[in-house]
Amino acid sequence: MSRRAIFKFRLYVAADTLNSREATVNLNALCRFYLAGRHEIEVVDVFREPQRALSDGIRMTPTLLKLSPPPVRRIVGTLAQTQRVLDTLGLEAGAA
Amino acid sequence: MKTHRSSAVRPPRKAATGIAGFDEISGGGLPRGRTTLLVGGPGSGKTIFSLQFLVNGARHYREPGMFVAFEETSARIVANAASFDWHLAELLPKKLLFIDAQPKPDLVQSGDFDLCGMLAGLNLQAGQMKARRIVFDALDIVLALLPDLAARRREIYRLHEWLLQHELTCLVTLKAAPDEPNSAIQQPNGFMQFMVDCSVILNHSVVLGVSQRNLRVQKYRGSSFDENELPFVIGQGGFDVAIVRLLGRMDADVTHERVTSGVKRLDTMLGGGYYRAASVLITGFPGTAKTTLSGAFAEAACRRGERTVFVSFDSDGAEVVRNLASVGIRLDRYLKSGLLRMVSARTITGSAEICLVRIKAFATAHRARCLVIDPLSALSKSGNELTAHGVAERLIDWSKAERITLVCTSLLNEIAEQNEDDTSLHISSLADTWIHLNYLVQAGERNRGMSIIKSRGTAHSNQVRELILSNAGVTLADIFTAGGEVLMGTMRWEKESAERVANQVAEVAGKLKHVTLDAQQAELEVRLKAVQTELIAKQVEKTLLARTTASRKAEILRGRVQMGELRGGDAAAPKAK
């Protein structure tokens with residue numbers, strides 16, 4: 001995977017519930033640290049745009065979709081366990 | 001009744017499931033706008049129950065429903081449901097919507113989450129299809145992903161709030177350990193029990209190798225319900241919860257119509273035959289012609305053109321037909337014409353409940369008016385002792401409600417000897433007419449005796465009759481009682497022929513006497529004639545005598561005058577000239 005690839009994320013949240021806020025904070029922090037300058041985050045509120053949540057098959061919130069680079073990954077939860085999130089996204093800890 | 005009346009005032013409090021038996025025990029269905037918990041082990045029928053709740057709602061009660069599948073995929077559920085006669089596919093997706101909510105295989109979880117995403121989607125879909133019912137199947141799957149108890153509790157509350165807000169009638173299914181149906185009320189999902197308004201437990205156990213399914217309503221807020229564990233089966237139409245029909249429903253159609261038993265003299269003994277829609281029990285030891293008697297009934301029914309089902313547990317349908325033909329009961333032609341349906345119940349495997357359902361299905365499919373079950377006691381074979389009585393009871397209730405005349409035989413346990421009350425099912429008290437067949441062993445013979453032990457609402461003969469089977473059919477013969485002893489078989493025959501001889505002798509003697517009397521009468525008549533003739537002769541003689549006497553007198557007088565004239569002596573003489 002190219003290190004210069006741009007990471008596109010879509011984060012589904014449920015209004016400003018605690019879990020969703022945590023996930024937003026965690027994702028932003030993670031991107032700042034590991035993917036500075038090469039990430040795009042789209043936050044979708046399932047209550048405002050339920051149709052999109054449906055078509056993406058979102059059942060639990062918060063859910064993070066990594067759309068690009070492929071493969072598409074799906075992480076549910078507050079993204080609290082950073083190591084696990086990094087593994088899933090194909091990022092190595094410590095790489096900046 | 002109560003729910004019907006109140007429905008005019010406010011919407012009914014219950015959402016009918018349309019599941020046979022369940023609406024009756026729960027007083028109308030599941031609590032409307034509330035949540036019901038359905039708990040059961042693997043394979044206990046949770047998904048089927050909840051699907052049926054939705055299908056019936058969509059089809060019969062104009063309540064579209066959503067099925068949220070956490071475990072099986074909706075495609076598989078729909079495919080599996082095709083084995084039922086629900087035509088589920090017709091309802092998709094406008095009246096019945098499946099929502100796949102299985103955790104995706106590529107799902108990675110990191111930290112806490114909630115179900116808002118799902119609820120947001122459901123919000124949208126429920127609004128679009130105007131859903132009134134919703135099922136969360138195997139909610140435990142998604143709850144198990146939540147990191148801690150507090151989170152689970154929070155999500156259940158969230159779900160509950162959402163359901164109340166949308167006034168959806170909800171059914172949540174949860175798994176229970178197979179050996180312990182109550183484990184779901186323990187942690188971690190135990191508090192759901194206290195949150196829901198109604199909870200139903202499904203139990204699937206195996207007793208002596210026979211599978212038995214039971215359903216129990218554990219709680220139902222604000223409603224009375226049948227608290228017992230009730231057997232149920234899963235058949236072609238889905239769930240069928242076994243309940244004893246409400247008595248009031250059966251009493252409506254009482255008939256005085258009689259149907260023949262197929263044996264003429266038996267009809268006479270019963271005062272005209274069995275009642276239509278009655279249940280007749282024929283008990284007896286093996287070989288006492290129970291099958292024959294029920295076969296005679298079936299033949300008579302077919303002869304009237306009534307559709308009949310003959311369920312045989314003992315032998316094949318073809319065998320029964322052949323065997324009955326040997327006593328002049330010809331069923332083959334009705335079998336060919338389709339009036340009669342023979343069912344070999346040996347092919348039915350499973351519990352007594354399943355037998356009942358199958359028999360009901362056969363009879364319904366055949367539109368039977370008469371039903372023969374031979375023998376009913378086969379229901380209580382191993383593993384079914386506990387349930388068989390209830391099954392027999394419901395069979396009788398059902399046939400009565402369907403106005404089917406039911407004749408069933410019951411094998412008596414030979415060890416129980418002559419104890420007539422020992423029908424293993426104890427259904428003798430439920431049957432309307434009870435005919436008992438037994439052997440009388442006497443003078444080196446075994447003969448069949450038949451008596452009517454009871455027949456409700458009918459004057460019936462108190463006599464024991466001898467049942468005679470011949471290739472001409474079934475007949476009943478009077479039995480002879482001589483000196484306090486009952487004579488049957490050849491002894492009866494001997495007695496009969498002895499009487500015949502005595503009759504002949506008496507007849508001859510009578511004739512002889514008659515002839516003698518005739519002769520005597522004739523003789524007397526001859527004598528009478530002779531005397532009469534003599535009498536006439538005497539009378540003639542007497543007249544003759546009188547006449548001679550008179551003429552003689554005149555002669556004498558004339559002679560005297562002549563003599564006077566000749567003498568010429570008297571003056572009177574000229575006058576005479």
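This is a predicted model: local features need pLDDT of at least 70, side-chain atom pairs count only at pLDDT 80 or more; totals for chains, interfaces and linings use all residues.
The side chain of B:Glu555 forms a salt bridge with that of B:Arg558, with a distance of 3.1 Å from N to O. Both residues belong to helix 16 of chain B, which spans residues 489-567. They are 3 residues apart, or about one turn of the helix.

Side chains of opposite charge can pair when their charged atoms come close. Over all chains, 25 salt bridges were counted. One of them joins B:Glu71 to B:Lys175, with the closest N and O atoms 2.8 Å apart. This pair connects distant parts of the chain, as 104 residues separate the two partners. B:Glu71 is located in the loop between strand 4 (65-69) and helix 4 (74-81) of chain B, whereas B:Lys175 belongs to strand 8 (residues 169-175). B:Glu71 is partly exposed, at a relative accessible area of 41%, and B:Lys175 is likewise partly exposed, at 31%.

A further salt bridge is formed by the side chains of B:Arg333 and B:Glu299, at 3.5 Å from N to O. Here too the pair links distant parts of the chain, 34 residues apart. B:Arg333 lies in helix 13 (residues 332-337) of chain B, and B:Glu299 in helix 11 (residues 290-303). The relative accessibility of B:Arg333 is 39%, so this residue counts as partly exposed. For B:Glu299 the value is 7%, and B:Glu299 therefore counts as buried, because the limit for that class is under 20%.

In chain A, salt bridges link A:Arg10, A:Glu42, A:Glu49, A:Arg52 and A:Asp56 into a network. The chain contains 3 helices and 4 strands, which follow one another along the sequence in the pattern β-α-β-α-β-β-α. Chain A has 96 residues, of which 47% count as buried. Among its contacts between residues at least 6 apart in sequence, 68% join residues at least 24 apart.

The contact between the two chains was examined next. It involves 25 residues from chain A and 27 residues from chain B. Together the chains bury about 2100 Å², of which 57% is on carbon and sulfur atoms. On the side of chain B, the residues that lose the most area to chain A are B:Val108, B:Ser110 and B:Asp114, which together account for 25% of what that side buries. Between chain B and chain A there are 0 salt bridges, whereas 17 residue pairs are in polar contact.

Several elements of chain B supply at least two residues each to the side that touches chain A: strand 5 (96-100), strand 6 (107-109), helix 5 (116-129), helix 6 (139-145) and helix 7 (149-166). Helix 5 gives the most, with 9 residues. By residue class, this side of chain B consists of 12 nonpolar, 8 polar and 7 charged residues.

Strand pairing also occurs between the chains. Strand 4 of chain A (residues 73-76) pairs with strand 6 of chain B in the parallel sense, over 3 bridges. In strand 6 of chain B, B:Leu107 stands opposite A:Arg74.

Note on methods:
Residues are numbered from 1 along each chain as its sequence is written. Chains are lettered from A and ligands numbered from 1 in the order in which they are written. Side-chain values use heavy atoms; hydrogens and water are left out. Contact means heavy atoms within 4.5 Å. Buried area is the accessible area (1.4 Å probe) that two parts lose on being put together, summed over both. A salt bridge is a side-chain nitrogen of Lys or Arg within 4 Å of a carboxyl oxygen of Asp or Glu. A polar contact is a pair of N or O atoms within 3.5 Å; within protein, one must be able to donate a hydrogen and the other to accept it, and residues adjacent in sequence count only if both atoms are side-chain atoms. Ala, Val, Leu, Ile, Met, Phe, Trp, Tyr, Cys and Pro count as nonpolar, Asp, Glu, Lys and Arg as charged, and the others, Gly among them, as polar. Two strands pair if DSSP finds at least two bridges between them. Buried means under 20% relative accessible area, exposed over 50%, partly exposed in between (1.4 Å probe, protein chains only).
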